[in-house]
Structures are given as C-alpha cells and as structure tokens.
Amino acid sequence: MKLLDLHISGFGKFHDRDITFEDGLNVVYGHNETGKSTLHTFIRCMLFGLERGRGRAAKNDLYSKYEPWENKAVYGGRLRLEQDGTVYRIERNFQKDQKSLSIVNETLGKEMEPTGAFMDQLLCGLNEISYTNTISIGQLKSATDSGMVTELRNFIANMNTSGNMALNITKATAHLKARRKEFERQLEPDAARSYASLVSEIRGIEKDISAPEYENQLLTYQNMRSQVNRLLNEKQQERESLLQKIAKGRQALEGAQFTDETSITSYQAEALNTYSKYQLTRAASEKKSRTVLAVICLILSVIFVGTSGYLAALGTDNPLAQTLGIQPLLLLLGSVAALCITAVLGCILLLNSKRLKTETAMNSKILQEIFSRHLGDSTISDEALTAFKARMEEFLRLSQILVQSEQSVQEKASEITALQEQASTCDDAISRQQRTQWELEKKLDHLARCKDQVEALKQTLAENERIREEITAIDLALDTMTELSATIRDSFGLYLNKTASDLISGITGGIYNSMSVDENLNIFMNTRTKLVPVDQVSSGTMDQIYLALRLAAAKLIQSGHDEMPLIFDDSFVLYDDDRLKTALKWLACAFDGQIIIFTCHQREAQMLTANQVKYHLITM
C-alpha cells in the first residue's frame, strides 16, 4: 500500500489543506508547532477512525485535542491510497452528530461497503493498536538506560506471548492484580439483601395504596360540597325572602291591630254584630209609632192625673161613682192606678226610644271607626259592609299566607340545618380525603424513593455481576499470561527473533547481526566473539534494537498482506550522524514500500541528498 494524497477539510490547525505523497521516501519537514504531529494523527484517524471519549476523558481525548480551530462544523477530510494496484478514496466526517465513513474504489468507480473483512484487507491486517506499535514509529520514550532495557524486555515478552505490542506483560500483570483488588473493594455484598428488602417493602406499599380508602374521592366531595353550599345559599335566600314577607305581613296585620286569624274572625264577627245591632236600633229608633204611643201614654197619664185629682177633690160625692155604681175610693184608686200605668208605660217608651237612639249612635260611631280604619271612608252602608267583609277576607288570606309562610320558614330552617349538617359532613369527608391523599402522597414519595433505590441497587447488582465477571476475566487473563510466559520460546518468538536479527545487521551497519532472548526475557546481542547483554549497549543502540523489533513485528503481523507505509515521527532524535546515515541508507535499500519521515531537523534531507538517495520533500 502507498498513500497518494490527502485533503484536510478541518483538523486541528489545518483547514482546507492538501498534501501529496510519492513512492519511496517522503520527508515531511517543519519546525516545532508547524503541524507535523497533527498531519501524522490525521493519517491515523483517516485509516482507523476517531472516536470521542466519554465523561471526563472526553476533555483530553484526541477528538477534543484536534477539533478544528477555525470552523468546528467542518471536521474531517479525505485520503487517497493505492492497494494492490487499486486506488481507494477514504472520506470521513468526525463530527460526533454527523459521523460518517465512505470508501470509493476510484479504479472501478464504485463505493465499497466498509465491512470488517474489507477493512482488514485494506489496512494490511493491522488494527489501530498494531499500527501504532509497529509501522508508526516514534523514538523510544524511556528516560534511562535501565528503563529502556525493561521496555525492550516487555516488548519481546508481549510479542512472544500475545503477538500484540500494546500489552506490557510485567506492567499488565501488576495492573491486573491491582485492578482485581480495586474491583473487590468496589463489590457491595449487602446489595442483594437490601434489594430483596426494598422489593418486599415496595410490594407492601403498593398493596396499601391499592386499598379503597386511598381512592381519590376529593373531587367528588368538593363537587358535592359546592352543590350543598349552592342549595344552602338558595334556601337561606328563600328563608330571608319569606321572613321579609312575613315581617311585612305581620306589620300589615299589626297595623290593622290583628294578631292572627282568630283575632280577625272575632273582629269581623263583632263588626258584623255591631252592624246588625246598628241596623236594628236604627230601624227601631226610626219607628214613629213608638214615639206616638209614648206621647199618648204620657197624655193619658196627665189626664189620669187630672182625673185622680178631681176624684180626690169630690171625695164621696162623686157622681161618676154613683153613676157607675162604684165606690168613689175604688174609682179614685183605679184612676191613680191608670195614672201610674200610663205614666210608667210612657216613661218606659220614652226611655226605650232614647236608649235605641243612644245605641244607634254608639254603633254608628263604632262602625264609622271600623270603616274609616279599614276602608278609608266612614260612611255606613251595605256597600261599605261588603267592602269591609272583602277587606277582612284579605286579612284572613294574609293571615293564612303568613301561617303557611311561617311553616315554610320552619321547613326551610329544617332544610338549612340538614344542608349545614351535610356541608359539615362534606367538610369532614374532604378533610379526611386531604389527610388520606397527603398520606398517600407520602407513601407514593416513599415508594418512588424505594423504586429509585431499587433501580440504583439493580445497577449495583449489575455492577457487582460485571465486577465479578471482570474479576473472573482478570483471573483468566492472569492464568493465560502465566501460561504464555512459560512458553516464551514458542514459534512466534522464534520468528520474531529471527526476523529482528536479520534487520539488526542492516540497521547497525553490521555491528550486530543477531539477537536472542532467554527464558527469563534477558536480551542479548550476538557478535562473532560473545553475547552482549542489552543493558551494556548505548541508548542509541537500544533505539536501533527497538526499531528492528518494531519492523520485525510489522513484517510478521502483515504476513500475507501488502505492507503499509513506514511512518517515522521524530524517530531518529537519539541517533548520531553515523547511525542516522546508516539507518537511512538501509531503509532506502531494504524497504521497497513507501516511507514517510516526519522531522523537525534538516539533517535527514541533507544526508539523503548527500548520499544521492531519491526522496520527496514536503515542507510544512
């Protein structure tokens, strides 16, 4: 495989930038901060993608580090490469909400589906970790010679046991053991018991709140109270209206000096009786015969007075007595008796006439007062009497209406009392409902908290299960690494040693032509006369050994595939001029594929020019 060109739409400091590569050696030169590492990372991300971290890790991950400076909406680009004579164009958008990948076969003019098998073929069998630890080569990062020795041992052990240089057996074992202890500390053994207790409590609460007493009837009682209050107001208004009418009626009766129906009936009877008496006395007093008779009686009494006096004066010589043959005394006594009778009768007739007139005047006065009071007219007549009767009938009806109204008031009062009791009952029911609903809300809140705790415990239980699985996996990994470490001289290790030995001779200019690793991961450099322990060589030589191991691993991993370009990112910082000259000449001759060297120095280009090695210079 070889990289043809790339276009950066937006990545870090680059915006709308094009870079072209050629076959063979490509030297990308630029001072520090010119974007070499950005370009190197862009190539890696175009090949393997760029995922954004989660949580706190997202603040310092590659995604955040290389977000475009100018226009964050454009984050991505394209990369053209050639694989087995076919040109492919990889296009990626790294935006988290618009992430996309498309691969176009330009040779055939069709888009390819990025399946796992296709990507494995396109990327020459390398994954991102293998790529980073093999053909994407940086300088050895250990700070001391002893540190370099340790890293080389781990590198070889990893390649012998797992074929993956992303692992560090020594560090990985210690890390796995530490992680196991950490996982054991994270286990919460009481979670299952707490979960069962909470589930039981939740069932009890749900059973409680399903009881009929917790049925929400608050709105029903509130509506009922509203209806009762409305009826109560209506009844009270009706009662007040009746009381006002009764008061006016009573005032009218009292104004007429009546109290009830009996008083009216009695009054009417007395008035009618008075009118009857008036009629009788008036009729009697108006008869002239009675007066004439009284006068006649009086005249007769006068005559008899004279007669009696005359007879008395005659004494015994009364000719009338002699004529009649009656004793003069008897005649005198008869005359006196007639006198008395006529006088008494006349007086009686006169007195009776006077009495009749007096009674008529008195009855007239009474009737005039009655008619004047109730009719506004004192005239005594049959029409007045009829009007009086009608008036009394009105008072009787008013009295009856008042009695009925008072009964209605009592009924209204009873209804009002019943409604007030009903309203009080509704208030009590509403208070009970509000208290019940408050209790229900407390139970529901407690239920919600219990369910939240259950959900949290579910996560805890799931986390416990996950942690136990992690612990099991760690135990399995530890066992596997122990078994694999015991077989360090297996076939992969032998192939790695052989391939690395072939490369070391060329890289070191023949100073060392082979290497070997014993069962304790001790590394030796083979010379014609002796085995040299790796901790006795210089740091520059260690860096050469590191380069040889990485190239050897890359060859073994890519076996059966077209090889990817070698990418060196300031890999020769620790090389002196002789080592650098040797390494560059060896690379140009030994590696037929594409090589890309990122450097902040000019000596690589100068040495290649001096040794007439063809290369393509890219200046950042």
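Student: Okay, where is glutamine 257 placed?
Tutor: Glutamine 257 is in the loop between helix H8 (218-255) and helix H9 (261-285). Keep in mind that this is a predicted model.

Student: And is glutamine 257 buried or exposed?
Tutor: Glutamine 257 counts as exposed, because its relative accessibility is 58% and the cut-off for exposed is over 50%.

Student: What about phi of glutamine 257?
Tutor: Phi is near 65 degrees there, which is a positive value in a residue other than glycine. Aspartate 84 is another non-glycine residue with a positive phi, in its case about 55 degrees.

Student: Where does aspartate 84 lie, then?
Tutor: You'll find aspartate 84 in the loop between strand S4 (76-83) and strand S5 (86-93). Aspartate 84 is exposed too, with a relative accessible area of 58%.

Student: Let's zoom out. How many helices and strands does the chain have?
Tutor: There are 17 helices and 14 strands. The chain has 620 residues, and buried ones make up 40% of them.

Student: What share of the contacts is between residues 24 or more positions apart?
Tutor: Counting contacts with a separation of 6 or more, 71% come from residues 24 or more positions apart.

Student: Which residues is arginine 225 in contact with?
Tutor: Leaving out neighbours within four places in sequence, arginine 225 is in contact with Cys426, Asp427 and Ile430. Arginine 225 itself is in helix H8 and counts as partly exposed at 28% relative accessibility.

Student: Now the inside. Which residues have the most contacts in the largest nonpolar core?
Tutor: Those are Leu47 and Phe572, in a core of 77 residues. Helix H15 (residues 539-557) gives the most to this core, with eight residues. There is also a second, separate core of 22 residues, which includes Leu242, Leu253, Tyr278 and Leu402.

Student: Back to phenylalanine 572: what does it touch?
Tutor: Setting aside residues up to four places away in sequence, phenylalanine 572 touches Leu547, Leu580, Ala583, Leu584, Leu587, Ile597, Arg603 and Glu604.

Student: Is asparagine 105 buried or exposed?
Tutor: Asparagine 105 is buried, at 3% relative accessible area, and lies in strand S6 (residues 100-105).

Student: Which backbone nitrogens lie by a polar atom of its side chain?
Tutor: The backbone nitrogen of threonine 107 lies 3.0 Å from a polar atom of the asparagine 105 side chain. For the backbone nitrogen of leucine 108, the distance to a polar atom of that side chain is 2.9 Å. Not counting residues up to four places away, asparagine 105 also touches Thr86, Val87, Tyr88, Lys110 and Met112.

Technical notes: Residues numbered from 1 in each chain as written. Predicted model: local features only at pLDDT ≥ 70, side-chain atom pairs only at ≥ 80, totals over all residues. Heavy atoms only, no water. Helix = DSSP H or I, 4+ residues; strand = E, 2+ residues; numbered from the N terminus. Buried < 20%, exposed > 50% of the residue type's maximum accessible area, 1.4 Å probe, protein only. Polar contact = N/O pair within 3.5 Å; in protein donor to acceptor, adjacent residues only side chain to side chain. Contact = heavy atoms within 4.5 Å. Core = buried A, V, L, I, M, F, W, Y, C linked by side-chain atoms within 4.5 Å.
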